[in-house]
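Here are my notes on the model, as numbered points. Please read them with the structure open.

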Amino acid sequence: MSCHKKVYITTPIYYVNDIAHIGHAYTTIIADTLARYSRLTGLDTFFLTGTDEHGQKIEHSALARNKTPQEYADEISATFKNLWDDFDISYDKFIRTTDPEHKKGVQKAFSTMFGNGDIYKDVYKGHYCISCETFFPKSQLVDNEFCPDCGKATTIIEEESYFFRLSKYQDRLLAWYNDNENVILPKSKRNEVIRFVEGGLTDLSITRTSFDWGVKLPDNMNDPKHVMYVWLDALMNYVTALGYGDDEEKMDYWSARVHLIGKDILRFHAIYWPAFLMSLGLELPKHIAAHGWWTRDGEKMSKSKGNVVNPKEVADAYGLDNFRYFMLREVPFGGDGDFSQKALIDRINSDLGNDLGNLLNRLIGMSGKYFDGKVESINVEKYYKIELDKTDEHLNNLEPLIFNMQIHRYLEELWRPLSVANKAIDQYQPWNLMKEGKQEEAMALNGLIANILAKVSIMLSPVMPQITTKIADSLSFSIDNNSWQGMINDKNLLDTFVIEKIPPLFPRIEEKLLETPEVEKKKKIEPKKEKKSNSSTTTEDGVAFIGIDQFFQTSLKIGTVVQADEVPKSKKLLLLQVDVGEKENRQVVAGIKEWYSAEDMLSTQVCVVANLKPAKLMGYLSEGMLLAAKDSSGLSLIIPEAPKQNGTNIG
């Protein structure tokens with residue numbers, strides 16, 4: 001994402017069929033971090049979030065609770081807004097699709113597209129998933145009946161409908177993807193979208209007559225029985241929030257923007273939405289960034305399992321800023337993440353407690369013991385220019401990472417100056433400098449540590465705004481655009497100050513602070529039952545033989561590595577996203593780092609064991625295994641002799 005004077009950042013508007021979960025929190029925290037960083041660096045920023053409140057599913061949910069759809073939408077929408085307020089999310093507008101201004105803008109868009117010849121009336125018959133608010137062709141259904149996205153049974157619907165000429169925009173969409181390689185992030189998702197569009201686009205049904213809870217067609221259409229399809233209604237929020245169709249004074253933000261979404265709604269944002277914009281003659285998105293899903297302790301989250309993560313409970317137990325740091329640091333953007341209390345505790349005790357909090361404690365202790373709390377920066381460059389230059393060099397590398405949605409890397413790089421500071425204390429030993437009468441050098445060392453802490457706090461503030469404010473208060477400065485301009489951009493140092501003693505920021509956590517999910521309790525209580533095999537195994541000369549039926553129970557497939565990252569703190573593991581010809585990429589944790597780098601693996605075709613039970617390695621879910629051979633000369637991956645189509649079966 002390139003820098004502009006104006007920056008427009010959006011979350012998806014969250015559907016009001018249930019309360020907010022960890023996935024909603026993850027998206028919103030990322031967006032809030034980008035918005036805070038943009039404001040910190042002086043960009044004119046507008047941050048939008050809100051709720052999506054129309055559709056048949058909401059109508060049904062309200063009826064089941066003896067409420068009107070509006071009463072039900074009001075209730076659930078308020079839970080989202082209250083949570084974001086509790087989380088101090090710095091949104092500029094919270095939009096609701098039931099807002100009168102939004103409805104007015106959607107009706108204007110419909111009229112414009114109809115006037116352009118892009119909307120026509122016909123009859124639609126097909127399989128409709130109420131849960132996903134989506135029609136699916138029979139070829140995409142599971143067992144000719146079930147939704148390929150959520151797995152629920154679809155309903156055959158035949159009704160009069162208005163259609164949007166999506167097929168008309170197929171070639172323009174492909175040209176747009178090809179001309180803008182960073183428009184969809186991570187880039188592996190762009191390839192998925194291109195393949196889908198190349199497979200052919202059919203016109204899109206955009207109205208319904210079978211329910212009433214939605215935006216009505218414009219009065220001049222004289223067709224009151226139709227309401228607009230929820231995705232046309234919902235996607236338009238990104239421009240109606242800026243006044244489209246009403247008071248359009250904020251529409252100039254539309255020239256600079258990033259849509260943050262979950263990967264499950266990528267198709268709607270990367271295909272339908274730009275096609276709508278093309279029809280309306282509006283500029284296309286600069287970036288659509290799709291993140292992965294979260295599991296809990298290696299298990300898919302669900303109400304029936306009792307293991308859904310409540311973000312408010314986690315933040316209350318462990319601290320909001322600690323939770324924010326964990327979410328953004330734990331998983332590369334685009335990959336699936338796994339939430340566990342152990343992983344969260346490890347991050348708090350290690351990264352935050354040992355590296356950051358302990359450094360501030362050491363500075364408070366040294367300053368108080370040797371200089372009555374006084375800290376000066378006057379001689380820092382004289383004695384510690386090398387360390388200061390290293391710090392500035394690390395900080396100079398940060399901005400491209402955050403604007404390319406590599407926030408885990410941003411935080412990884414931001415921690416390097418902390419290592420410089422901790423190493424400097426161990427190397428130069430201020431206690432010995434004082435014994436040797438080198439007070440000036442010792443004071444300069446204190447100044448070095450204080451300035452590294454200040455610079456890191458400025459750049460960490462978009463992720464951990466509350467904690468970094470406490471650090472800044474202790475160091476007698478404020479985190480804002482002026483301090484960013486002075487200390488980061490111009491590389492200035494702190495003025496002389498007296499450090500304020502504050503309690504430890506990250507008290508060590510020794511045990512889990514939240515109750516164990518019901519699913520884990522059951523696992524501990526119920527002993528595992530041995531599974532009986534229906535296939536026989538024979539042995540001969542000490543060698544175990546299996547039947548051909550057992551061999552064919554193993555699914556081996558050709559796949560291409562589309563994204564590769566190192567697993568932090570691991571000498572052996574790489575985190576790979578592998579396209580094996582399925583709807584979603586497979587995340588594979590491979591112990592091959594000693595022989596292959598992340599760069600080596602990009603675009604490499606590999607052989608994948610595709611039906612292994614998912615397992616968790618160092619907190620990351622692995623959904624397969626690569627085939628390799630190892631002897632005294634090292635390890636070699638088993639790869640196809642010639643390129644093969646992803647998903648090709650082996651055997």
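1. Aromatic pairs come first. The model is predicted, and the count of aromatic pairs in it comes to 27. A pair of rings is described by the distance of the centres and the angle of the planes. Both values are given for the two pairs below.

2. Take Phe46 and Tyr253. Their ring centres are 5.4 Å apart and their planes stand at 45 degrees, so this pair is tilted. Phe46 belongs to strand S3 (residues 44-52). Tyr253 sits in the loop between helix H8 (237-240) and strand S12 (257-262). Phe46 and Tyr253 are both buried.

3. Now Phe87 and Phe323. Here the centres lie 6.4 Å apart and the planes are at 70 degrees, so the pair counts as edge-to-face. Phe87 is in the loop between helix H3 (69-86) and strand S4 (93-96). Phe323 is in helix H11 (residues 320-330). The separation is 236 residues, and the pair links distant parts of the chain. Phe87 is buried, as is Phe323.

4. Which residues join Phe46 and Tyr253 in a cluster of ring pairs? Tyr8, Tyr238, Trp254 and Trp273 do. Tyr253 also has a charge over its ring: the charged end of Lys6 sits there, 4.4 Å from the ring centre. Another case is Lys108, whose charged end sits over the ring of Tyr244, 4.7 Å from the centre.

5. Next, a sheet. Four strands form an open sheet in the order S6-S5-S7-S9, with antiparallel pairing. Strand S6 (134-136) and strand S9 (204-205) are the edge strands, and each pairs on one side only. Within the sheet, 10 bridges join strand S5 (residues 119-129) to strand S7 (residues 155-164). Ile119 stands opposite Phe164 in S7.

6. Last, Gln577. Is Gln577 buried or exposed? Its relative accessible area is 8%, so Gln577 is buried, the cut-off being under 20%. Gln577 lies in strand S21 (residues 574-579). Its side chain makes a polar contact with the side chain of Gln587, at 2.9 Å. Leaving aside residues up to four places away in sequence, Gln577 touches several others, among them Gly335, Asp336, Thr560 and Asn585. Val562 is also touched.

How values were computed. Residues numbered from 1 in each chain as written. Predicted model: local features only at pLDDT ≥ 70, side-chain atom pairs only at ≥ 80, totals over all residues. Heavy atoms only, no water. Helix = DSSP H or I, 4+ residues; strand = E, 2+ residues; numbered from the N terminus. Buried < 20%, exposed > 50% of the residue type's maximum accessible area, 1.4 Å probe, protein only. Contact = heavy atoms within 4.5 Å. Polar contact = N/O pair within 3.5 Å; in protein donor to acceptor, adjacent residues only side chain to side chain. Pairing = 2+ DSSP bridges. Phe/Tyr/Trp six-rings, centres within 6.5 Å; stacked < 30°, edge-to-face > 60°. Lys NZ or Arg CZ within 6 Å of the ring centre and 35° of its normal.
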